[in-house]
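Visitor: I have a chain open on my screen and would like to talk through a few of its local features. Could you take me through them?

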Amino acid sequence: MVYSLAYRRPPHVPRRSSTVSGESEPSIGGSTLDDSRDVSISYGIPEALSFDRIIDGGTCPPCTTRDFMNYLIYIEHAAENLQFFLWHKDYVRRFDLLSDHERKLAPEWTVEQAEAQALASKDSPAPMKSISADAMALFKGTDFAVPKATVVELGKGASNPFGTPPMTPRSGDHDSIAQSEYPWSDSGSTLRSGFKAPYDKKAAGAFEAADVKLQPFTIQPFREEISRIIATYIAEGASRQLNLSSKERAGLLHALAVTTHPTAFRRVIHTIEWTLRHQAHQNFIRWTICNGNRPRVIFARGLGIAGILGGILAAVLIVLSGAGRGWRVLSAIGFAFGIATLVAAWKGMCVVLHGMHHRHLRPWELFADDDDASSVYEMKKGSFDTLGSSNSYEDQPWIAKYEKRNILRKIFDREVWIQEPALRQIQDTIFLQAVLGSFILTAICVGIFVALPKGNFY
C-alpha cells in the first residue's frame with residue numbers, strides 16, 4: 001500500500017529566530033499552535049508519524065523519540081528544545097500529583113499577570129547584561145572598566161532569616177517520580193542526585209540580570225528543581241541555553257520569581273513546542289526518509305546520470321547505423337534505469353537499499369558495539385538527562401573513527417532493516433513515483449530517437 005501519487009516529501013523548514021513573547025506562532029498552514037497540532041498528510045507527514053505519536057512512543061526505529069533526539073543533537077544542533085519540552089511535560093504530571101495544600105503554595109500564573117508584566121517591561125529600561133569575570137579582568141584599569149555592583153547571592157553562604165530549609169522527600173514523592181515514562185536517570189527521576197553544578201549562584205545571577213527580585217519562597221514545591229532548570233536552560237551562557245528573546249527570558253524569570261506553577265512556562269513552552277512541531281519534526285521526517293548516507297546518495301546520483309548517458313549513447317549509435325528502428329528501443333534500458341535511480345536519489349533514496357527495505361546505520365550508530373558498554377550507556381542516557389551537560393559531541397570517539405573510513409566503505413556501509421511501517425510506505429510511494437516518472441520520460445526519449453531517420457554510416 002502506498003500514499004497518493006501526488007505525495008511530496010516535507011519541505012525543509014529553516015530555523016527561525018526567537019519571537020517576541022506574546023506573539024502567536026503561526027503554523028505552516030497559517031493557523032496557530034492551538035488549532036493545528038496534527039500535521040496533515042498534505043505536508044508529507046502521515047498521522048502514524050505525527051509529533052505526538054513519536055513523543056508518546058508509538059513509533060518504531062528509525063522514528064522513535066531516541067532517533068528524534070539524536071537528529072536534534074547531531075544534525076540540527078537544537079536538542080535543548082526537546083529536552084526542555086520533555087522535562088516540562090513530566091513536570092506538569094508530577095505537579096498535578098501534589099496534594100491540594102502543596103499546589104496552593106505555588107499559585108497559577110494567569111494570562112492577565114503575564115500581559116501586565118509584558119506591558120511593564122516595555123516601559124522599564126533594559127537590564128544590564130552580565131559580564132564575565134574574564135572580561136572584567138581584561139578591562140580593569142582602562143576607560144572600559146565595569147563599575148562594581150553589589151551582588152546578592154542566594155543559597156550559598158547566605159543566612160536568610162526568612163529562608164525555609166528544603167523539605168525532606170517523602171516516600172510517595174520518589175514513587176511518583178519513578179513512574180515517569182521517560183528514562184532520564186538511573187533512579188527513575190528526571191533529576192540526577194549527583195548533579196553538583198553551582199545552580200543556585202547561576203540562577204541568582206539570571207534573576208539579577210533580568211532585574212528581578214527573588215523572594216525566598218523556598219517552601220514552594222520544586223523550587224530547587226526550578227533553580228536548576230534556570231541554570232541549565234534559561235540563564236545566559238547556560239549549558240543548554242534555549243533560543244529565547246530577551247523579553248521571553250525576562251517574562252519567564254518574573255513569573256518564576258513568584259511561583260513554581262507550570263503555567264509560569266506558558267509562553268516559553270508555546271514557542272518551544274511550535275518550533276518542535278512545525279520545524280524540527282518536519283525536518284526530522286524529511287531526513288529520515290533518506291535511506292542512505294551522503295556518499296551512497298551521491299554514488300546513486302552518479303549511477304543515474306551514467307545510465308541516462310548510456311541510453312543516449314546507445315540510441316545515437318543505433319541511429320547512426322543501418323539497423324532497423326526497432327533496435328533503438330534497446331536504449332530504453334539505460335533511460336529507465338538511469339532516470340528512476342536519479343529521481344529516487346534526488347529525494348535521498350537508494351533504490352538498491354529500498355529493494356530490501358534497508359537503511360544505512362548513522363555514523364553514531366556504527367561504532368556502538370566497539371565502545372565500552374558503560375560509556376555507550378552514558379552516551380545514550382545523557383541526552384535524556386534533564387540536567388545533563390551541554391549537547392556538544394565533538395569529543396565523542398565515533399567522529400575520529402568515521403573520518404578514517406575510506407569512501408568505498410562509507411558507500412557500502414552496514415545496513416539495518418527499517419522497522420517503521422509508515423516510513424516504508426512513504427519510501428514505497430517515492431519509489432513508485434520514480435518508476436512512473438522514469439517510464440514517461442523514457443517513452444518520450446525513445447520516441448524521439450525512433451522518429452529520427454537512419455544514418456547508414458556503418
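Guide: Before we start, helices here (H or I, at least four residues) and strands (E, at least two) are DSSP runs, numbered from the N terminus. This is a predicted model, in which local features need pLDDT of at least 70, side-chain atom pairs count only at pLDDT 80 or more, and totals for chains, interfaces and linings use all residues. Residues are numbered from 1 along each chain as its sequence is written, and side-chain values use heavy atoms, with hydrogens and water left out.

Visitor: Okay, where is Phe222, then?

Guide: Phe222 is in the loop between α8 (199-209) and α9 (223-234), and its phi is near 65 degrees, a positive value in a residue other than glycine.

Visitor: And what about the phi of His77?

Guide: His77, which is not a glycine either, has a positive phi of about 60 degrees, and it is found in the loop between α2 and α3. Because its relative accessibility is 45%, His77 counts as partly exposed, where buried means under 20% relative accessible area, exposed over 50% and partly exposed in between (1.4 Å probe, protein chains only).

Visitor: Switching to rings: how many aromatic pairs are there?

Guide: A search of the whole structure finds 24 aromatic pairs, where rings of Phe, Tyr and Trp (its six-membered ring) pair if their centres lie within 6.5 Å, and planes under 30 degrees apart count as stacked, over 60 as edge-to-face and the rest as tilted. One of them is the tilted pair of Tyr71 and Phe284, at 5.7 Å centre to centre with 55 degrees between the planes.

Visitor: Why does that pair tie together parts of the chain?

Guide: Tyr71 lies in helix α2 (residues 65-76) and Phe284 in helix α11 (residues 266-289), so the pair ties together parts that are 213 residues apart in sequence. Both Tyr71 and Phe284 are buried.

Visitor: Why is the Tyr91 and Phe265 pair edge-to-face?

Guide: The ring centres of Tyr91 and Phe265 are 6.4 Å apart and their planes stand at 80 degrees, so this pair is edge-to-face. Tyr91 in helix α3 (residues 79-96) and Phe265 in the loop between α10 (246-258) and α11 are 174 residues apart. Tyr91 is buried, with a relative accessible area of 0%.

Visitor: Last one: which charge lies over Trp287?

Guide: That is Arg362, which lies over the face of Trp287 at 4.1 Å from the ring centre; a charge sits over a ring if NZ of Lys or CZ of Arg is within 6 Å of the ring centre and within 35 degrees of the ring normal.
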